[in-house]
Amino acid sequence: MNQTTIGDISLIDGAPELNISVAGMRLSRCDEILPSIAYDEVLGRVNVAIKESLTKPLTMSIAREAEVDIVIGKGVSAHILLQSSTASVVQVDVHEQAQADLYFLSARNDVALNLRSVINVAKEAEVRIFDIGCAVDKTMRTIDVMLQGEMGKAAYFGVDHLNGDANKDSRLTITHQEPKTQSEQNVRGVYAGKAASSFLGKVIVEREAKFCKAAQLYKSILLSEEASARARPELEISNNDISASHGASIGELDANALFYLCSRGLTLPEAQSLLINSLLSDIFLAIKEPSVRSSLQSMVARAVRQSVVGAL
Amino acid sequence: MTSEYLLNIKHLHVSVEGHSILKGLNLSVKKGEVHAIMGPNGSGKSTLAYTVAGKPDYAVENGNLEFLGQSVVDMSAEERAQLGIFLAFQYPVEIPGLNNAYFLRSALNALRKARGEEEIDAVDFLQLVRSHLLKLKMDERFLNRAVNAGFSGGEKKRNEILQMSLLEPRLCILDETDSGLDIDALRISADGINALRSDERSMIVVTHYQRLLNYITPDVVHVMVDGSIVESGGKDLAIKLERDGYDSFIAKAKQGLASVIAS
């Protein structure tokens, strides 16, 4: 096994997997292409540049408070998983014609988290953001997406599952700065225990950004009487040549569907789990990478199952 | 002897959201028997079906409801299913996003777990479900779709029959399985139901029309009016009903009620 150290960066080259740990941040991947990484000790900033398309997903675990800058080069396509167990600021620059699928995970955090992401999308580039969170503590989540180049596209898919005394404040802002840009927000929330969620989904369309499309859809399920959810879609539009839609619903699991499943012998928690997972399924189906899809889906399914069994 | 009855209902009173629907209903079904329950709209046929299956909010106010010699009144829907009660819904629920094969396997495993049997894995399950599809002359594409989502009326009813076949219940309650089916779909569904008849399995066929009974020959036909069974007989009773309608039974029920009030 070869180990290379560049400043605080150590590269451990063990076939077939390559592990990179950067100042408490671990990158693990099994890919022949290595992103270039630099670490600024003074600023506590990690720079990751991806100059060639990655054939397999890149995983980064952020275990120490850090700022991470990721640059996805022109025409490059990449799947990147970012797991945060501490406060972090992540900036992703998606260059022209690049295609980035970003997966932000915050698994069952039991400490308060402040997670901030800024995503800049250049001309004809496309970003798909999957924001998957299962929390039992306080979370502040801010995502700013800037569509900075013509025909840039951004899709935000959120799965939010809170339990216990978890409290989450999410603020998603997508700004259309250039013409013919498109955005989509598709969020599913499942709230148990005494969890409280507030989701602000904002779309800003600037004056020059004509012929844009923006869509927002928010659906939430409350699993207990003490859980609460607030959804606030906001549209700030400065020109008339755009098409925008939004919808929001907050409700309980369908009693008829629960009876239908129970009448087949499934216990109530099993029936609830099946219905919740079916509500989330179209978000997971949007994940193109099968290995990522199945691992994220089972992570959320486990958390949901714990919540419904615990609720009995 | 009580034990020869699979289902034994005595003086059953049921209310839904404060409205009294079943008013002293009696019904006993022996092993292997097929009973048809016919009656006009609003007579409480579906309420009976839901009550036996254990739908929440269907409150038993009075009377007995026994299955295999034990009262099921305080049992949940899943406990009744685990004992072998199966309701084929009049309006099967659409669940977008839930894969039909996954749902069927989960249901089968829930029943197996309740019986202390080992769970079936995905490979063995596929083999098993295929044999049921073959028996019911159903297409495999049923498995890969979401539960009932976007199914035609006929497909939904056949999916109910597939579940019935796979889960092997002791008592099948078919709630208006014929409603919304054209003549071909009706015949296909009836063939599926007939394939599941056995000496160990009883069926209650709830229907508004006699036509389903052309395909599924019942042992006993009951006429239900205003929350109770007013007449029982052989299969000829269904033919008489088709010819004469429910009017005479409704009049009789009213008369009965009037005499009760008068006394």
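Residues are numbered from 1 along each chain as its sequence is written, and chains are lettered from A and ligands numbered from 1 in the order in which they are written. In this predicted model, local features require pLDDT of at least 70 and side-chain atom pairs count only at pLDDT 80 or more, whereas totals for chains, interfaces and linings use all residues.

Chain A contains three helices and 21 strands (DSSP runs numbered from the N terminus: helices are H or I, at least four residues; strands are E, at least two). Of its 312 residues, 44% are buried, that is, with 20 or more other C-beta atoms, placed from the backbone, within 10 Å of their own. Among contacts in chain A (C-beta atoms, placed from the backbone, within 7 Å) with a separation of 6 or more, 67% join residues 24 or more positions apart.

In chain B, an open antiparallel sheet of four strands has the order S2-S1-S4-S5, strands being paired if DSSP finds at least two bridges between them. Strands S2 (19–30) and S5 (70–71) of chain B form the edges, each pairing on one side only. S4 (residues 58–67) of chain B is joined to S5(B) by two antiparallel bridges, and B:Glu66 lies opposite B:Ser71 in S5(B).

At the interface, 23 residues of chain B contact 17 residues of chain A. The elements of chain B that contribute two or more residues to its side are H2 (77–83), S7 (95–99), H3 (100–114) and H6 (153–167); H3(B) gives the most, with six residues. This side of chain B comprises 16 nonpolar, five polar and two charged residues (Ala, Val, Leu, Ile, Met, Phe, Trp, Tyr, Cys and Pro count as nonpolar, Asp, Glu, Lys and Arg as charged, and the others, Gly among them, as polar).

Conventions
Two residues are in contact if their C-beta atoms, placed from the backbone, lie within 7 Å. A residue is buried if 20 or more other C-beta atoms lie within 10 Å of its own, exposed if 12 or fewer, and partly exposed in between; C-beta atoms are placed from the backbone.
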